[in-house]
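Please keep the sequence and the 3D view at hand while following the text.

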There are 2 protein chains.
Amino acid sequence: MNGRMRIGDLTERAGVTPRTVRYYERLGLLPPGEREGHGQHYYTEETLARLEKIGQLKQLGLSLEDIRDVIDLYFTDPSGIKPKQKVLALLRQHLAETDQKIGALQRFRSDLQAHIARFERWLAERSEDTGER
Amino acid sequence: MNGRMRIGDLTERAGVTPRTVRYYERLGLLPPGEREGHGQHYYTEETLARLEKIGQLKQLGLSLEDIRDVIDLYFTDPSGIKPKQKVLALLRQHLAETDQKIGALQRFRSDLQAHIARFERWLAERSEDTGER
DNA sequence: AGCAAACATGACGTTAACGTCATGTTTGGA
DNA sequence: TCCAAACATGACGTTAACGTCATGTTTGCT
């Protein structure tokens, strides 16, 4: 009745495969599931939460390496002033990069709208001349 | 004195390698440079412009395949109503996807800011207790 | 004509983020 | 206790977007 699930349940709920979980473990994105001796691994709800967070961050275009740098601060507080300052710097850097991306995407959006408008005008003209009921 | 440049000049100006140009040609992102018989290829300013545009679109996270679908409309007008309508649909789809991405990034941005604020508060408290000039 | 620099082409290598397969071990239920 | 389902581990495969070599051909200059 505690949060002991095996890899199958975990991956089913997270929508990933066991391969992915093991891969993430090796990269340091997930703490390796506990186990007694050399048997199977058992995971908790936190592992699930981490997997979901990783999914979100991936969606944003972060690489697994990028994610490894920030994932911990979602689940553990680094202790001591030095680590916190380091994390803070990292966060600010990510914020700057994010703003860059948003800006680029907004410019791209304008571009697209301009093109769309152009095509719509063109098609509108034709339909006046030609297809007028 | 016309716009005839060979691949070396082109790639130097565009900041890519010949390999990249040939790769793009094969994918249909760039029209193959003209040539007489079986000699070398010659490119124009438009090729350069296309390369630059491709670079921008890549920055936005579009794959080369995505780019292949839209790159032409930056440089050539598709003729006929059908093609234009098709392109228009494509553009609208890209617009929707772009909006999704922007939204996700903005949510991520808020997340980051929240975390940053949290760390800043923590660090501020310590410096009051401890480091007060 | 001769030659070095630039180009063409093909083949194999690389990184990220897993997929797939083979083989052996654990578990939980009848 | 026995067995099928689930798990563990290692190895090889895959896609995207090129990099890097090796080898042979073209060009531009002297």
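DNA strand D is surrounded by 19 residues, and the closest of them are A:Arg22, A:His41, B:Thr17, B:Arg19 and B:Tyr24; a residue is near a strand if one of its heavy atoms lies within 4 Å of it. The model is a predicted one, in which local features need pLDDT of at least 70 and side-chain atom pairs count only at pLDDT 80 or more, while totals for chains, interfaces and linings use all residues. Residues are numbered from 1 along each chain as its sequence is written, chains are lettered from A and ligands numbered from 1 in the order in which they are written, and side-chain values use heavy atoms, with hydrogens and water left out.

**The surface near DNA strand D**

Among the atoms of DNA strand D within 4 Å of the protein, 77% belong to sugar or phosphate, and the rest belong to bases. Several polar contacts can be picked out here, a polar contact being a pair of N or O atoms within 3.5 Å (within protein, one must be able to donate a hydrogen and the other to accept it, and residues adjacent in sequence count only if both atoms are side-chain atoms). The side chain of A:Gln40 has an N or O atom 3.4 Å from a sugar or linking oxygen of DNA strand D. The elements that give two or more residues to this surface are helix 1 (7-14) of chain A and helix 2 of chain B, where helices (H or I, at least four residues) and strands (E, at least two) are DSSP runs numbered from the N terminus. Helix 2 of chain B provides the largest share, 4 residues.

**The surface near DNA strand C**

Around DNA strand C there are 20 residues, and the closest are A:Thr17, A:Arg19, A:Tyr24, B:Arg22 and B:His41.

| Residue | Atom of DNA strand C | Distance |
|---|---|---|
| A:Arg19 | base oxygen | 2.5 Å |
| A:Thr20 | phosphate oxygen | 3.5 Å |
| A:Tyr24 | phosphate oxygen | 2.6 Å |

Two or more residues of the surface near DNA strand C come from each of helix 2 (18-27) of chain A, helix 1 (7-14) of chain B and helix 2 (18-27) of chain B. The largest share, 4 residues, comes from helix 2 of chain A. By residue class, the surface near DNA strand C divides into 4 nonpolar, 9 polar and 7 charged residues, whereas the surface near DNA strand D divides into 4 nonpolar, 9 polar and 6 charged. In this scheme Ala, Val, Leu, Ile, Met, Phe, Trp, Tyr, Cys and Pro count as nonpolar, Asp, Glu, Lys and Arg as charged, and the others, Gly among them, as polar.

**Rings and charges**

How many aromatic pairs are there over all chains? The count comes to 2, where rings of Phe, Tyr and Trp (its six-membered ring) pair if their centres lie within 6.5 Å, and planes under 30 degrees apart count as stacked, over 60 as edge-to-face and the rest as tilted. A:Tyr23 and A:Tyr24 form a tilted pair, 6.3 Å centre to centre with 40 degrees between the planes. A:Tyr24 is buried at a relative accessible area of 7%, while A:Tyr23 is partly exposed at 34%; buried means under 20% relative accessible area, exposed over 50%, and partly exposed in between (1.4 Å probe, protein chains only).

A charge sits over a ring if NZ of Lys or CZ of Arg is within 6 Å of the ring centre and within 35 degrees of the ring normal. A:Arg126 lies over the face of A:Trp122, 4.5 Å from the ring centre, and the charged end of A:Lys84 sits over the ring of B:Phe119, at 6.0 Å from its centre.

**Chain A as a whole**

Chain A has 5 helices and 0 strands, and its C-alpha trace spans about 80 × 40 × 25 Å along its principal axes. Buried residues make up 33% of its 133 residues. One of the buried residues is A:Arg50, with a relative accessible area of 4%; A:Arg50 lies in helix 3 (residues 45-59), and its side chain reaches the backbone oxygen of A:Leu29 at 3.2 Å.
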